[in-house]
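Subject: Structure handover

Hello,

Here is the structure I promised to pass on. Please open it next to this email and read the two together.

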Amino acid sequence: RGRYTPGRRFGGHQRGLLPRLTKLPWIPTDHEWLAFLEVAREEPSRNRVMLALAYNSALRREELCALRTDDLDPGRRTVRVRAETTKNRYERVVPYSASTGALLTGYLRHRATISRARGPLFLSESRRNHGQPLTLWSWSKIVRRLGLAADLPRFATHTTRHLCLTDLARMGWELHTIASFAGHWSTESTMKYIHLSGRDLADKLARGMEQIHAWRIAQLAQLATDSAEGKA
């Protein structure tokens, strides 16, 4: 891992034995995302609303499975992510869309047939753990099964979070705003999750080149106009 020794000359930094490699997180293409949603369409209401919240609010697996009924504010369409469930113990309130709210309303009616008690939002419906909180491992298995059915073996519980943060960057959200939404202390953590695909970069380059080309054509036209006026 390397180490740093204060007070030593030249910074006192000793390199680790192996270089640390940082890879960009994988996110599905638009076609792959639609294929995944097509598979998820047939899932029970609980699984569909969990996927919607995981993407819509960029929730980690631990945050999603730990949600309680009193964390929801349907009037404002927000969900409170409690500090004790987060990675860095940083509480936040995040919004969700109207379509996710409709899914959530349907699930709450279904949940009432399992348990009317307040508490964990997502409950197991298996015979062995009926009415008990859905575990992290059960949710991971569900997402894994859906990913394989959609021929996306790399799809995992964190993929929806990666995709949401990247989409927010594509929409032009500022880095600090995305960091606050994601619950990151620093923007350095956010940069690890946000990346634009090669297609996005190609589109940006194409648009930039079109603007440059149009500007040069305008300059040539102006030059031709000035030359004609000078001859006149």
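Below is what was found in it, from the overall layout down to single side chains.

First, the ground rules. This is a predicted model, in which local features need pLDDT of at least 70 and side-chain atom pairs count only at pLDDT 80 or more, while totals for chains, interfaces and linings use all residues. Residues are numbered from 1 along each chain as its sequence is written, and side-chain values use heavy atoms, with hydrogens and water left out.

**Overall layout**

The protein has 9 helices and 5 strands. These are DSSP runs, numbered from the N terminus: helices are H or I with at least four residues, strands are E with at least two. From the N terminus the order is β-β-α-α-α-β-β-β-α-α-α-α-α-α.

Of the 232 residues, 36% are buried. Buried means under 20% relative accessible area, exposed means over 50%, and partly exposed lies in between (1.4 Å probe, protein chains only). The protein exposes about 15400 Å², and carbon and sulfur atoms supply 55% of that. Accessible areas come from the Shrake-Rupley method with a 1.4 Å probe; for residues, only the protein chains shown count as cover.

Now the contacts (heavy atoms within 4.5 Å). Among those with a separation of 6 or more, 53% link residues 24 or more positions apart.

**The sheet**

Three strands form an open sheet in the order β3-β4-β5, with antiparallel pairing. β3 (72-73) and β5 (92-95) are at the edges; each has a single partner strand, so one side of each has no neighbour in the sheet. Two strands pair if DSSP finds at least two bridges between them. β3 and β4 (residues 78-81) are joined by 2 bridges. Leu72 has Val79 in β4 as its bridge partner.

**Salt bridges**

Side chains of opposite charge can pair when their charged atoms come close. A salt bridge here is a side-chain nitrogen of Lys or Arg within 4 Å of a carboxyl oxygen of Asp or Glu. The structure holds 12 of them.

- Arg76 bridges to Asp73, with the closest N and O atoms 3.1 Å apart. Arg76 is exposed at 65% relative accessibility, and Asp73 is partly exposed at 24%.
- Arg41 meets Glu38 at 3.0 Å, N to O. Arg41 is exposed at 52%; Glu38 is partly exposed at 46%.
- Asp167 meets Arg170 at 3.1 Å, N to O. The two are 3 residues apart in helix α6 (residues 159-170), so about one helical turn separates them. Asp167 is buried at 18%, and Arg170 is partly exposed at 31%.

There is also a network. Salt bridges with shared partners join Asp71, Arg80, Arg82, Glu84 and Glu91.

**Cysteines**

How many disulfides are there? The count is 0, where a disulfide is a pair of cysteine sulfur atoms within 2.5 Å. Cys65 is buried at 9% relative accessibility. Cys164 is buried too, at 4%.

**A nonpolar patch**

Which residues form a nonpolar patch on the surface? They are Ile217, Leu220 and Leu223, with about 310 Å² of accessible area together. Patches are made of residues with over 30% relative accessible area and no salt bridge; like charges are joined within 9 Å, nonpolar side chains (Val, Leu, Ile, Met, Phe, Trp, Tyr) within 5 Å. Leu220 lies in helix α9 (residues 198-231). Leu220 is exposed, at 54% relative accessible area.

Best wishes
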